[in-house]
Amino acid sequence: MTRIACLFVPVADERIKPALLEIALRHSPSVEDGGPDIVYLDLGGLERLWGGEEEIARRLHRAACECGAAVRIGIAGSRAGARFAARAGGDITIVPPELDARWLGPAPLALLGLGPEMSARLGRWGIRTLGELADLPVSGLAERLGDAGPRLQRLARGEDATPLRLWTPPPVFEESADCSWGVETLEPLGDLLAGLAEMLCARLRRHELSADAFEWSCRLANRTVHEGACAPAAPLTDSAAAAALLRASLAARPPRAAVEAITLRVRPVRVRNVQPRFDEPPRPSPRLLTATLARLSALVGARDIGSPVILDTHRPDAHQMTPFLLPSPRPSPQRGEGSRENRNPLPHRGRGQGEGVVLAVHRVRPSRSVAVVLHAGAPAHLRAAGLAGRIIAGAGPWRVSGEWWTEAPFVQDEWDVELDDGTLCRLARDGRGWRLEAVYD
């Protein structure tokens, strides 16, 4: 005989829900997460361990109150019966065996979680409660609603043979090591991290997961905590690549005292296997890419490795570095998207077509200092390394300024000039002097 207990919280709270799941799992191996405010557990065979249903209900209620949860408990022969008993009764409500249908009779149809279409259809028939649905003829209900009709009628009567969808606590991917003697140099500390990473990667492979980020926490001899984090370019389970990344990140920001204990945590993700497309270049190996980025980080620093992102400002060349991540595979084009007639490349118009000339701008990064001679306030002669001449035409100045409300405002005047040898370039002038910003081709 099936007996289900329902833990119902009138006011859903995300902080209390994990505690309720743990309480239910301590009392029964079969637990289901029924939503933000409901937890189910199977009471079958628990009498010899915890006593009768009343004793089990009191134990559950007492444990929930100790966690600060105002919980109501209902026990019946089905999910619907236990849920209705928990919602409609007091702190503890137990429906006697084989009486679920009588208890569910006055309950509203909303207890079944029907969709809007089915609720509206039954409403047009004048069906408002589970008892009214349970009293309908089975054959007529099947003719009008198909297989869904008898299934809903069985649920309305408290006949639910579907087993609980078992909930298991999410695995915690974390490994720790104690160093009572204290680790003062990076090499043995890196070896210790590599060993922890190898154990975590093995656990990830067993769960068919990958590591999307690594976090470590070191307890130092001076009673402080040193924390750090790093993210691979792509989720991985290769322990060698993870060890190289952790060593480089640790070398970029080493602890300031001897390490007495260290904990390494992994953020797991599930990576889908995607068939590569024939019209796109092959993607690099996550292991080799992560190892390469780790070696580059050790050479130039972790902050100088990544992908540049343009900042939302008018400051010239304003950008910041973000961690490099492999782009997601682009979806296959719809029919006709890749056809030649649907493409719209940038047209190139030559000098003889009357439409102007498309020029390429080669930015000079970093910009070079140049010497400029002025005539009547306008640039007249330019001299720089590898570039010199008389300026025969120019346009400007255009003033660019902004961020005056910060401690580092900027302002500069820009000119587009043409030298006597035909070279077109852009000049900029600010408080530091004249600079060559770009050359037009």
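**View 1. Strand E4 and strand E5 (residues 92-94) pair in the parallel sense over 3 bridges.** Within this pairing, Ile-75 has Ile-94 as its bridge partner in E5. The chain passes from E4 through H4 to E5, a β-α-β crossover that is left-handed. The model shown in this and the following views is predicted.

**View 2. Strand E1 (residues 4-8) pairs with E4 in the antiparallel sense.** This pairing runs over 5 bridges. Of the 5 residues of E4, 4 are buried, so the strand is largely enclosed by the rest of the structure.

**View 3. Ser-78 sits in the loop between strand E4 (72-76) and helix H4 (79-88).** Is this residue, Ser-78, buried or exposed? Its relative accessible area is 1%, so Ser-78 counts as buried. A polar atom of the Ser-78 side chain lies 3.1 Å from the backbone nitrogen of Gly-81. Leaving aside residues up to four places away in sequence, Ser-78 touches Ile-4, Asp-100, Gly-158 and Asp-160.

**View 4. The largest nonpolar core has 29 residues.** The members that touch the most other members are Phe-214, Trp-216, Leu-246, Ile-262 and Leu-264. Two or more residues each are given to this core by strand E6 (174-183), helix H10 (186-206), strand E7 (210-220), H11 and strand E9 (259-269). H10 supplies the largest share, 7 residues. Another core, of 23 residues, lies apart from it; Ala-5, Ile-16, Ile-73 and Ile-75 are among its members. In soluble globular proteins, nonpolar side chains tend to be buried together.

**View 5. The surroundings of Trp-216 include Leu-193, Leu-246 and Leu-264.** Not counting residues up to four places away in sequence, Trp-216 also touches His-226, Glu-227, Gly-228, Ala-229 and Cys-230. Leu-246 and Leu-264 are, like Trp-216, among the core members that touch the most others.

**View 6. Ala-251 belongs to helix H11 (residues 239-252).** Its relative accessible area is 40%, so Ala-251 is classed as partly exposed. The C-alpha atom of Ala-251 is separated by 7.0 Å from that of Leu-186, although the two residues are 65 residues apart along the chain.

**View 7. Cys-67 is in no disulfide.** The nearest cysteine sulfur, that of Cys-65, is 9.3 Å away, whereas a disulfide requires the two sulfur atoms to be within 2.5 Å. By this rule the model has 0 disulfides. How accessible are the cysteines Cys-67 and Cys-425? Cys-67 is partly exposed, with a relative accessible area of 46%, while Cys-425, at 0%, counts as buried.

**View 8. The whole chain, shown for context, has 12 helices and 18 strands.** Of its 441 residues, 38% count as buried. Among contacts in the chain with a separation of 6 or more, 57% are between residues 24 or more positions apart.

Methods: Residues are numbered from 1 along each chain as its sequence is written. This is a predicted model: local features need pLDDT of at least 70, side-chain atom pairs count only at pLDDT 80 or more; totals for chains, interfaces and linings use all residues. Side-chain values use heavy atoms; hydrogens and water are left out. Buried means under 20% relative accessible area, exposed over 50%, partly exposed in between (1.4 Å probe, protein chains only). A nonpolar core is a set of buried Ala, Val, Leu, Ile, Met, Phe, Trp, Tyr and Cys residues joined through side-chain atoms within 4.5 Å. Contact means heavy atoms within 4.5 Å. A polar contact is a pair of N or O atoms within 3.5 Å; within protein, one must be able to donate a hydrogen and the other to accept it, and residues adjacent in sequence count only if both atoms are side-chain atoms. Two strands pair if DSSP finds at least two bridges between them. A crossover is right-handed if, with the strands pointing away from the viewer, the path from the first strand over the helix to the second runs clockwise.
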